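Take a look at the fold below. Keep the sequence at hand while you read.

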Amino acid sequence: MGKMMFQVSYERFLEEVRIENIHEGSKDKLELEDLGNMFVYYLVCFDRRKVFVFVIEKSQISAVQKIQLNPISKPARRIIDNQELRQIVQTLERIENKIENESEEI
C-alpha cells in the first residue's frame, strides 16, 4: 500500500522534521518544490507510511522558516511528462510482479 499524505501547519511540520532528525545521511528526506508563487515542502519518512506536506506562499514565508528548512531540503521535481510517467509506472509494475513471483516461490 502507498504512503498517506498529510498537509500540516508549519509548527507540526517542524516537529515532524525534528522527530525524524533529518541530516545528510538519513534515509528520511525533506524535499522542496517551487511552484512559482508557492513553496511545497515534503517530509518523506522511510520507516513510516506518512508524508508530511507544508505549503506556503512565497510572500508569506519568513526568514526564520527559510533558515530552518532550506539548508536540509533537496529540490523535488514534479513529473509532468506522460511518457516519463508511463516508463516509471511500467518499471514499478515489473518490480512488483517480480517481488510477487519470488514470494510465491517461497
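The paragraphs below go from the sheet to the core, then to the rings and the charged pairs.

This is a predicted model: local features need pLDDT of at least 70, side-chain atom pairs count only at pLDDT 80 or more, and totals for chains, interfaces and linings use all residues. Residues are numbered from 1 along each chain as its sequence is written, and side-chain values use heavy atoms, with hydrogens and water left out.

Start with the sheet. Helices (H or I, at least four residues) and strands (E, at least two) are DSSP runs, numbered from the N terminus. Two strands pair if DSSP finds at least two bridges between them. Here 5 strands make an open sheet with mixed pairing, in the order E1-E4-E3-E2-E5. Its edges are strand E1 (4–7) and strand E5 (74–75), and each of these pairs on one side only. Further in, strand E3 (residues 38–44) runs antiparallel to strand E4 (residues 50–57), and 7 bridges join the two. Across that pairing, tyrosine 42 stands opposite valine 53 in E4.

Now the core. A nonpolar core is a set of buried Ala, Val, Leu, Ile, Met, Phe, Trp, Tyr and Cys residues joined through side-chain atoms within 4.5 Å. Buried means under 20% relative accessible area; exposed is over 50%, and partly exposed lies in between (1.4 Å probe, protein chains only). In soluble globular proteins, nonpolar side chains tend to be buried together. The largest core in this model has 17 residues, and those with the most contacts inside it are Phe13, Leu30, Tyr41, Leu43, Phe54 and Leu69. Helix H1 (10–20), strand E2 (29–34), E3 and E4 each supply at least two of its residues. H1 gives the largest share, 4 residues.

Which residues does leucine 43 touch, leaving aside its neighbours within four places in sequence? Contact means heavy atoms within 4.5 Å. The partners of leucine 43 include Phe13, Val17, Leu30, Val51 and Phe52, as well as Glu16 and Glu20.

Next, the rings. Rings of Phe, Tyr and Trp (its six-membered ring) pair if their centres lie within 6.5 Å; planes under 30 degrees apart count as stacked, over 60 as edge-to-face and the rest as tilted. By this rule there are 6 aromatic pairs. One of them joins phenylalanine 39 and tyrosine 41: this pair is tilted, at 6.4 Å centre to centre and 55° between the planes. Phenylalanine 39 is buried at 14% relative accessible area, and tyrosine 41 is buried at 0%. Ring pairs also link these two with Tyr10, Phe13 and Phe54 in a cluster.

Last, the charges. Side chains of opposite charge can pair when their charged atoms come close. A salt bridge is a side-chain nitrogen of Lys or Arg within 4 Å of a carboxyl oxygen of Asp or Glu. The structure holds 4 of them. Glutamate 16 bridges to arginine 48, with the closest N and O atoms 3.0 Å apart. Glutamate 16 sits in helix H1 and arginine 48 in the loop between E3 and E4, 32 residues apart. Glutamate 16 is buried at 5% relative accessibility, whereas arginine 48 is partly exposed at 23%.

Arginine 48 also meets glutamate 20 in a salt bridge (2.4 Å, N to O). Glutamate 20 lies in helix H1, so this pair ties the helix to the loop between E3 and E4, parts that are 28 residues apart in sequence. Glutamate 20 is buried too, at 11%. Salt bridges link Arg12, Glu16, Glu20 and Arg48 in a network.
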